Amino acid sequence: MNAPAAGLTAVGPGRARFGRETLHAEWTKLRTVASTGWLLAGAAALTIGVSAAVDAAAACPAGGCQADPATLSLTGVQAGQAIVVIIAVLAVSNEYSTGMIRITLAAMPRRLAVLAAKATLITGLVLAVSAVAVLACVLAGRLMLPGHGFTAAHGYPLLSLSHGPDLRAACGSVLYLALIALLSLGVATAVRETAVAIGLVLGLLYVFPVVTSVIGNQHWQRHLEQIGPMTAGLYIQATTSLRSLPLTPWQGLGVLALWAAGALTLGGLVFRFRDA
Amino acid sequence: MTTSTPYRSTARDAHDGFGPLLHAEWTKFRTVRGWVIGMIVAVLATAGIGLFIAKATGNVSCQAGNGPVQHGAACGQPNYPLGPGGEPVQDEFYFVSQPLAGHGSLTVRVTSLTGRFSEQGPVPGPPVVVPWSKAGIIIKDGTTVGSAYAAMMITRGNGVRMQWNYTGDTPGLPGTVSAARPRWLRLARDGDTITGYDSADGTHWTRVGAIALTGLPSTVRAGLFVSSPVHTAYSSGLGTGTANNSPTEATAVFDHISRTGTWPARAWTGDYIDPRAAATQQVAGRYHQAAGRFTVTGSGDIAPLLAGPLNDGPSITIRDYLLGTFVMLIAVAVVATMFMTAEYRRGLIRTTLAASPHRGRVLAAKAIVIGSAAFVAGLAAAAGAVLIAGAVQPIGISVFHEPWPAELRILAGTAALIAVAAVFTLAVATIVRRSAAAILIVIVTIVIPFVLSAPPGVPVGFTGWLLRVTPAAAFALQQPMPQYYQVQANYIPSSGYFPLAPWTGFAVLCGWTALALVLAGYLLRRRDA
């Protein structure tokens, strides 16, 4: 009589806490959708491609240029982040568009555990892929920029990960992309609709650099750059004239982390208390 | 045995016409509350960004203000003159002139043109070559700033030119001028027509151009002029680029002056045109006459005036109020994507195609509905942004207004850009059938090229290429001012100058859209729904 019950207890409700099983379930979902792999590859390709194209178009005339070689060779992050946004949004919104979310929540009723598992896996994937992409960008910058006037004679040593600021710019860019993924995950959990979530996140990211580029009022320009998730977050890429930045590089990344934390909190609350 | 007729609906047969199809698609669009609200929010956001830009542009110290700050008047807002075509112009030069009554002509020989930075106190500035330093003869509708003119001139780096009414420019003899290689210039007035000639030896003359200046009074001022624009050193660094403007002056030597016609005045008079600039920029202007030789020194430029922080002082155009367009574009892309992908997600596509088996027509109806809705929303956003921002004009900064056809093109062009982008999105969504993929393609091809090119910093070589080949080329429709060959400036996308002409850029977007529509129509017909 007890035999079937014993079989059931093996998959008892206690197992649905955040842990190996939730991670494994979410990993299976991510892994078995073809789009995840394509999008990750696309994010890396777009990041590297735009960076390399920018390196090729950069020019530093003999008279001296004010460009920052690290920022230049990591410009692709600004484009690649769009695909990172899509990867993170899809991890949540796909479940809603297919109705899968109801099965997920039936199997793992602890909703925050589900969200935590998704966040962990997406962060890990994005960290891994962006590390590869950023390394390739640095390498491209190292190979191409000296041919465009960024030479030691003009005051620009080779990009090198053994150089403190360059290492911070590279590692920071990887973290930047991971934080962008978390921000997107939070927004997607709150709004559930793929297209709307992508539009909201990209609008939020891009509106700050575009608007600050035109307004002449220094006071407003500074404040907007300080609060914008993209503008502040990308300070982490700066290696020259750091003193003129409105925030230090790590403070800037902290602003983005606050945005991501806020979005995740909002998404978590909504997810926890709303019907799926 | 009674025969019973099976039930037949008394409703008329549904027509498979295009009208009902359009109506059906419009109903689908209109009745999804989220889409309509999304469009309205996007319109408000775009207009709000315009308002914010107007509020946050301008001078802090000015806004803190000492004393009452009025629109434009206080804080040294530069008032720019308008040319005969209605465009903002710069009309500053040293003019040695006499009245000319009726028909007549003026001929001179120029033997030298040199330039240097303007004096800094008692110290003469070092020499500098400014390619558009000009010296020559001019016939002008009085000495009023912004009045009509036609001129023949030798320049420092662009040979002999004939120029008229600030925007007109046509080349004459090439090369620079020197005592060994003088240039002869002649202007002849006949009615409203002014004809320019040049010559290397004073005997063999070539006609450079004939210009009709309509409404020219019978008595005009004619004489010698010299101008030299500011020398600008650009540093386009990260963040905002900066420009260092230094005033320059040019000196030219004229001789062999001969005149025909009626010149009622006895002597030549020297005036610095636009004395306001003379007071603020400490520019020089003088002439010296001895034995038929005139040595004239002048500064400034006779040319269209360009807007932008990198060009001539703090000034903006209505294009700056429209920077929120890309937000509208994102919103419209989201709605247009869902307009198609929702059909697949909900299975509605099968009902749609059962009701209207002509699949190409379904696509056409959807394109017309989403395109029209996006056009109306885009026009509302653009007009809203410009009107609201115009109502709270920034303080301490000039807002350049172009002639109305250009401003109309910017407004209608913004709406057209958004409408065609919506159709492009719809076609892409039909091809890929999934929201994420469609949004991805539209964002990468339209929004990212714009976002990379809007702030200065990313090399122009790259953004210029992006704005040529991607659908984002259509942002050229928002270019407020033409590029002038005869004005040296920083013509880069972040200052509002696009690599393609406005309608050429729009054609690039239309081409991509046509391609996507054809492919979408083909796939829609070939694939099972």
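Here are some notes on the two chains, going from the overall picture to single elements.

1. Ground rules. This is a predicted model, so to speak a calculated one, in which local features need pLDDT of at least 70, side-chain atom pairs count only at pLDDT 80 or more, and totals for chains, interfaces and linings use all residues. Residues are numbered from 1 along each chain as its sequence is written, while chains are lettered from A and ligands numbered from 1 in the order in which they are written.

2. Chain B overall. Chain B has 12 helices and 19 strands; helices (H or I, at least four residues) and strands (E, at least two) are DSSP runs, numbered from the N terminus. Of its 529 residues, 53% count as buried. Buried here is 20 or more other C-beta atoms within 10 Å of a residue's own, exposed is 12 or fewer, and partly exposed is in between, with C-beta atoms placed from the backbone. Looking at contacts in chain B with a separation of 6 or more, 76% are between residues 24 or more positions apart. A contact is a pair of residues whose C-beta atoms, placed from the backbone, lie within 7 Å.

3. Where the chains touch. On the B side, 41 residues are in contact with 38 residues of chain A. The elements of chain B giving two or more residues to that side are α2 (33–56), α6 (325–346), α10 (435–453) and α11 (460–469). The largest share, 10 residues, comes from α10(B). By class, this side of chain B has 31 nonpolar, eight polar and two charged residues. For the classes, Ala, Val, Leu, Ile, Met, Phe, Trp, Tyr, Cys and Pro count as nonpolar, Asp, Glu, Lys and Arg as charged, and the others, Gly among them, as polar.

4. α6(B) against α9(B). Besides touching chain A, α6(B) packs on helix α9 (residues 404–432) of chain B at an angle of about 35 degrees, with the axes 8 Å apart. Axes are lines fitted to C-alpha atoms, for helices over the stretch in contact, and angles run from 0 to 180 degrees between N-to-C directions. Residues making the contact include B:Met328, B:Val332 and B:Phe339 of α6(B) and B:Ile418, B:Ala422 and B:Leu426 of α9(B). The contact has 12 nonpolar, six polar and no charged residues.

5. α8(B) against α12(B). Helix α8 (residues 359–391) and helix α12 (residues 502–526) of chain B meet at an angle of about 140 degrees, with their axes 9 Å apart. They are therefore oblique to each other; under 35 degrees counts as roughly parallel, over 145 as roughly antiparallel, 65 to 115 as roughly perpendicular and the rest as oblique. This crossing, too, is right-handed. Among the residues in the contact are B:Arg359 and B:Leu363 of α8(B) and B:Leu517 and B:Arg525 of α12(B). In this contact, five residues are nonpolar, two polar and two charged.

6. Strand β4(B). Strand β4 (residues 149–155) of chain B is mostly covered, with seven of its seven residues buried. B:Tyr149, B:Ala151, B:Met153 and B:Thr155 point one way, and B:Ala150, B:Met152 and B:Ile154 the other. On pairing (at least two DSSP bridges between two strands), β4(B) runs antiparallel to strand β3 (residues 134–140) over seven bridges, with B:Ala151 the bridge partner of B:Ile138. Five bridges join β4(B) to strand β5 (residues 160–164), again antiparallel, and B:Met152 stands opposite B:Met162. Four residues separate β4(B) from β5(B) in a hairpin, and B:Gly159 in the turn has a positive phi of about 70 degrees.

7. Strand β13(B). Strand β2 (residues 93–117) and strand β13 (residues 248–262) of chain B run antiparallel and share 13 bridges, with B:Thr114 opposite B:Thr251. β13(B) also pairs with strand β16 (residues 293–298), antiparallel over five bridges; there, B:Ala252 stands opposite B:Val296.

8. Chain A. Helices α3 (residues 34–57) and α5 (residues 76–98) of chain A pack at about 170 degrees, axes 7 Å apart, which makes them roughly antiparallel. Their contact has 13 nonpolar, eight polar and no charged residues. Elsewhere, A:Leu121 lies in helix α7 (residues 111–144) and is buried, with 20 other C-beta atoms within 10 Å.

Methods: Left-handed = near helix turned anticlockwise from the far one by under 90°. Contact = placed C-beta atoms within 7 Å.
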